[in-house]
Amino acid sequence: MLIKGARQLIGPFSWPPGSRPFPARPFMRLPLPSLPIPARPSQFCRQLASVGALPQLTKDRYPQVKRGSFSKLEQTHLQFFRDLLGSNRVITDEDECQSFNIDWIKNVRGFSQCILKPKSTEEVSKILAFCNNNRIAVCPQGGNTGLVGGSVPVFDEVVLWTGQMNKIINLDETSGVLVCQAGCILENLETFVGDSGLMIPLDLGAKGSCHIGGNVSTNAGGLRLVRYGNLHGSILGIEAVKADGEIIDCLSTLKKDNTGYHLKHLFIGSEGTLGIVTKVAIHCPSKPNAINVAFLGLKSFDDVLKTMKQAKQQLGEILSSCELIDEASLGLATGHLQLKCPLGVYPFYMLIETHGSNNEHDEEKMNTFLESIMADGLVEDGTTTNEVSKMNNIWALRERITEGSTHEGYIFKYDISLPTENFYSLVPIMKERMGESAKVVCGYGHIGDGNIHLQVIVNEFTQDALNKIEPFIYEYTSKLKGSVSAEHGVGFRKPKYIHYSKSPEAIALMKELKTMMDPNGILNPYKVLPS
Ligand code: FAD
Ligand code: MLT
Ligand code: ZN
């Protein structure tokens, strides 16, 4: 398992060596006046929190959540698992179980005493059939990079880890369809299809650890959703195992297949509550021949909005990413991870990237865009490059904010969709609301698709801090008709807030589906749906 240390976990943005056929252009500084760097310290410079301590057990931190009437694990159960998988794929050692019990941002901690490591769909099927008959609760886990507490047990659920289901089954280079098992690590898939001139249409900072099955189960959005869409479009087929062990084969590799209900969509984004995803078929587009990145410093959010509008209009079909970073968020990456920012200090930074097939054409478009935003006085400073190492450095500033944040303290992380004009509005409101009780309040994220990540970082978790933030943040989001969970899912942290984004009738239908597909409720209990 790759996880456990934050640094080890992160795979920085990188293309396989030698995979970019276009000529490198030297790092080019935009001909903009550079403002002097203000002498004031950034918000992140305060004393680092201790991040080594174990989080409190979830059952103690959230005593209102009661254990369901599931069986306690007995020796006879363990014997069944050992007979099926062999002793080395049934983990019961307390220390070894620990890392499967704690989530990546150390928000929650369960106390499972059994980790199962199946290799095949048939093994998953037999495990679930047995657990269902014996009322044993199961927590599916992939790379354990989820950020809403969905991937770890709340109590003593058995963890079903997909890391050994990591076989690539087929790549059709002509259609670009990759079929693989659910436990393949995203970055490994990217490298594999990259050798055939293809790319995975999903990229995120956790790609060095997250599994494609976890990505599908969370409907992960990532850094290039503006260009490649979400997984409901790219995933062509799914094989999944229901709670009773029945295997549902919807592993179509076709772009078009309207035979009946599109069952694959039930598993995309259902966070392991309706079934365990065992195989996926994913459409891989051609790898771009040309990539260009611009990194801009801006003085106001109004300028950010105007810049984004122009990026969409002028870069059109080649715009692959449009990301926002505020000053405090950048500080978490530069301050804790020793990353260098090529620009001075600004309230806002934007990372704009293009993917295209013709570099000359793309560069011309990028330059025209940059000239026009400069002429309109929208950016204060900026750099642009298509040199791989420079692009990687710039991307690290964005991708590694999450990692940098873990060094600052306890993170209350929110993942919200808001109408574009209100995208940043919650950040100053939360800053004011938290006052001195927060070390950092910051916002960054996928402004191109309206999804902001708002973080409130404190020295350590307190119920008071939580009460200051929730439900206020969700009420605010709901009033603006936003979503309380844009891309990370609902997991353990948000079931009681799902009604802020879904009607009672929609929630009732979700509960009916859950009851139909998992009548004993053994799959990832306490997650997604309110009790
Ligand atoms: P896990 O964390 O193991 O599990 C996530 C959920 O899926 C759990 O509910 C689990 O029970 C369920 N699950 C896992 N595997 C299966 C399966 N095979 N069948 C059924 N259910 C399953 N998310 C984004 O959307 N966009 C981002 O840009 C992004 N960036 C991130 C950057 C960092 C540094 C980190 C730490 C996280 C980031 N995330 C992001 C969140 C996380 O990486 C994604 O949610 C990812 O898709 C989770 O994959 P995983 O394999 O780690 O799943
Ligand atoms: C991101 O966009 O960086 C991820 O969703 C993770 C995060 O919210 O920090
Ligand atoms: Zn994100």
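Me: A cavity is a set of grid points where a 1.4 Å probe fits but cannot get out. With that in mind, which space does ligand 1 take?

Reply: In this predicted model, the space taken by ligand 1 is the largest cavity. A molecule sits in a cavity if more than half of its atoms lie within 2 Å of the cavity's grid points, so ligand 1 is placed in the largest cavity by that test.

Me: What makes a residue part of the surroundings of ligand 1, and how many are there?

Reply: The cut-off is a heavy atom within 4 Å, and 37 residues surround ligand 1. The closest are Pro140, Gly142, Thr145, Gly146 and His211.

Me: Which elements supply at least two residues of that shell?

Reply: Strand 4 (138-141), helix 7 (212-218) and strand 10 (276-283) each do. Helix 7 gives the largest share, five residues.

Me: How do the residues around ligand 1 divide by class?

Reply: There are 11 nonpolar, 24 polar and two charged residues.

Me: What does the UniProt record say about residues 108-287?

Reply: The unreviewed entry annotates them as "domain: FAD-binding PCMH-type". In the model, this span is 23% helix and 22% strand, and its end C-alpha atoms lie 38 Å apart.

Me: Now ligand 2: which residues surround it?

Reply: Leu147, Arg398, Thr402, Lys413, Tyr444, His446, His453, Glu487 and His488 do. Their classes are two nonpolar, four polar and three charged. Arg, Lys and Glu count as charged, so Arg398, Lys413 and Glu487 are the charged members.

Me: What makes Thr402, Lys413 and Glu487 polar contacts of ligand 2?

Reply: The 3.5 Å cut-off applies again. An oxygen atom of ligand 2 is 2.8 Å from a side-chain N or O atom of Thr402. The corresponding polar side-chain distances to a ligand oxygen are 2.6 Å for Lys413 and 2.9 Å for Glu487. Each is within the cut-off, so these pairs qualify as polar contacts. Alone, ligand 2 exposes 260 Å², 87% of which the protein buries. The space that ligand 2 takes is likewise the largest cavity.

Me: Where is the cis peptide bond, and what is its omega?

Reply: The cis bond joins Glu470 and Pro471, with omega about 5°. Pro471 lies in the loop between helix 17 (463-469) and helix 18 (472-479).

Me: What is the phi of Gln338?

Reply: Gln338 has a positive phi of about 55°, although it is not a glycine. Gln338 is in the loop between helix 12 (327-337) and strand 13 (348-356).

Technical notes. Residues are numbered from 1 along each chain as its sequence is written. Chains are lettered from A and ligands numbered from 1 in the order in which they are written. This is a predicted model: local features need pLDDT of at least 70, side-chain atom pairs count only at pLDDT 80 or more; totals for chains, interfaces and linings use all residues. Side-chain values use heavy atoms; hydrogens and water are left out. On a 1 Å grid over the protein atoms alone, a cavity is a set of points where a 1.4 Å probe fits but cannot get out, and a pocket is an open set with protein on both sides within 12 Å along at least five of seven lines; lining residues have an atom within 4 Å of a point. Helices (H or I, at least four residues) and strands (E, at least two) are DSSP runs, numbered from the N terminus. UniProt positions are given in the numbering used here, feature names are shortened, and annotations may be inferred rather than shown by experiment. A polar contact is a pair of N or O atoms within 3.5 Å; within protein, one must be able to donate a hydrogen and the other to accept it, and residues adjacent in sequence count only if both atoms are side-chain atoms. Accessible areas come from the Shrake-Rupley method with a 1.4 Å probe; for residues, only the protein chains shown count as cover.
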